[in-house]
Amino acid sequence: MYRVTLGLEGKHSTHGWRSSFSTLARDNGIARDVVELALDHAHGNEVARAYDRGERFEERIKLFNWWGEQLSAAQRAATIIPLKTKTA
């Protein structure tokens, strides 16, 4: 969708969304390790990752609820522009 439909090849990627999420969460007081876990960044060794799936689970729930509120507020304030679809 980014490359073809929106014509954003070389200008934007999904990593930009992940970066924005990380920056906004950190700027709003969310602990760095909670953000990193939410982004599924590897930590520790393979054994630690296997046993720590629930690490800081309650804090990640709060983070995702906060992010959902941010997206909902942005959507309410946004002007929705339908994308043109390709015809076959």
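## Asp33 and its setting

Asp33 is found in helix H2. Helices here are DSSP runs of H or I with at least four residues, strands are E runs of at least two, and both are numbered from the N terminus. This is a predicted model, where local features need pLDDT of at least 70, side-chain atom pairs count only at pLDDT 80 or more, and totals for chains, interfaces and linings use all residues. Residues are numbered from 1 along each chain as its sequence is written, and side-chain values use heavy atoms, with hydrogens and water left out.

Asp33 has 35% relative accessibility, so Asp33 counts as partly exposed. The cut-offs are under 20% relative accessible area for buried and over 50% for exposed, with partly exposed in between (1.4 Å probe, protein chains only). The C-alpha atoms of Asp33 and Arg60 are separated by 9.9 Å. Along the chain, these two residues are 27 residues apart.

## Salt bridges

The whole structure holds two salt bridges. The term requires a side-chain nitrogen of Lys or Arg within 4 Å of a carboxyl oxygen of Asp or Glu. Arg56 pairs with Asp33 at 2.1 Å, N to O. Arg56 lies in the loop between H3 and H4 and Asp33 in helix H2, so the pair ties together parts that are 23 residues apart in sequence.

Arg56 also meets Glu59 in a salt bridge, at 2.5 Å, N to O. Arg56 counts as partly exposed at 28% relative accessibility. Glu59 is partly exposed too, at 34%.

## Nonpolar core

The largest nonpolar core has nine residues: Phe21, Ala25, Ile30, Val34, Val35, Leu39, Leu63, Trp66 and Trp67. Such a core is a set of buried Ala, Val, Leu, Ile, Met, Phe, Trp, Tyr and Cys residues joined through side-chain atoms within 4.5 Å. At least two core residues come from each of helix H1 (14-27), helix H2 (32-38) and helix H4 (57-77). H4 gives the largest share, three residues.

Ile30 is in contact (heavy atoms within 4.5 Å) with Ala25, Val35 and Leu63, leaving aside its neighbours within four places in sequence.

## Confidence

The protein chain averages a pLDDT of 80, and 80% of the residues score at least 70. pLDDT is the predictor's confidence in each residue, from 0 to 100. Among the elements of the chain, H4 has the highest mean, 90. Helix H3 (residues 46-51) has the lowest, 66. Where pLDDT is low, the predicted coordinates should not be read in detail.
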